[in-house]
Amino acid sequence: MDNLRSFITVLVVAHHSSLAYATFGFFNKEAYITSTHPIVDQARWKGLDIFIDFNDIFFMSLMFLISGIFVMQSIQHKLVKAFVRDRFFRLFIPFMLGVTILMLLAYYPAFT
């Protein structure tokens, strides 16, 4: 199960890094929110379109399935209150820090 989870994580990283080289990608400087990706390269390849479309079919639903398999065991092992508290500190706080700090830094070069 760990190998499957690692493989899916690598697919997610490969998927998001290949979006800059897809033929359907575009960057709109005037209406930034309508862009497909913050960085779109001029060198594009149709093979990445196939890879992206293939990944879109299954990889996010498989990640949710893998995470859902272990939720019930974790809730039974801990009480619900402890489970929610642990998830809050392990997931929500780093997510909020990432959104507020790292995303601003990541999008700044493409925005200017």
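Visitor: Which side chain meets that of Arg5 in a salt bridge?

Guide: A salt bridge is a side-chain nitrogen of Lys or Arg within 4 Å of a carboxyl oxygen of Asp or Glu. Here the side chain of Arg5 pairs with that of Asp2, at an N to O distance of 3.2 Å. The model is predicted: local features require pLDDT of at least 70 and side-chain atom pairs count only at pLDDT 80 or more, while totals for chains, interfaces and linings use all residues. Residues are numbered from 1 along each chain as its sequence is written, and side-chain values use heavy atoms, with hydrogens and water left out.

Visitor: Where do Arg5 and Asp2 lie?

Guide: Helices are DSSP runs (H or I, at least four residues), numbered from the N terminus. Both residues belong to helix H1 (residues 2-18), where they are three residues apart, about one turn of the helix.

Visitor: How many salt bridges does a search of the whole structure find?

Guide: The search finds four. Among them is the pair Asp49 and Lys46, whose closest N and O atoms are 3.9 Å apart. These two residues lie in helix H2 (residues 46-77), three residues apart, about one turn of the helix.

Visitor: Is Asp49 buried or exposed?

Guide: Buried means under 20% relative accessible area, exposed over 50%, and partly exposed in between (1.4 Å probe, protein chains only). Asp49 is buried, because its relative accessible area is 4%. Lys46, at 54%, is exposed.

Visitor: Which residue forms a salt bridge with Lys78?

Guide: The partner is Asp86, and the closest N and O atoms are 2.7 Å apart. Salt bridges with shared partners join Lys78, Arg85 and Asp86 into one network. Lys78 is partly exposed at 30%, and Asp86 is partly exposed at 24%.

Visitor: Let us turn to pockets. How much space lies in the largest pocket?

Guide: On a 1 Å grid over the protein atoms alone, a pocket is an open set of points where a 1.4 Å probe fits, with protein on both sides within 12 Å along at least five of seven lines; lining residues have an atom within 4 Å of a point. Grid points are joined across faces, edges and corners, and a volume is the space filled by probe spheres set on the points. The largest pocket holds about 300 Å³. Its lining includes Arg5, Phe64 and Arg87. H1 and H2 each supply at least two lining residues, and the largest share, six residues, comes from H2.

Visitor: How do the lining residues of the largest pocket divide?

Guide: Ala, Val, Leu, Ile, Met, Phe, Trp, Tyr, Cys and Pro count as nonpolar, Asp, Glu, Lys and Arg as charged, and the others, Gly among them, as polar. The lining of the largest pocket has six nonpolar, two polar and two charged residues. The second largest pocket, of about 220 Å³, is lined by six nonpolar residues, one polar and one charged. Arg90, Gly98 and Met103 are among its lining residues.

Visitor: Which residues does Ser18 touch, not counting those up to four places away in sequence?

Guide: Contact means heavy atoms within 4.5 Å. On that basis, Ser18 touches Leu48, Phe51 and Ile52. Ser18 lies in helix H1 and is buried, at 5% relative accessibility. A polar atom of the Ser18 side chain lies 2.9 Å from the backbone oxygen of His15.

Terms used
Polar contact = N/O pair within 3.5 Å; in protein donor to acceptor, adjacent residues only side chain to side chain.
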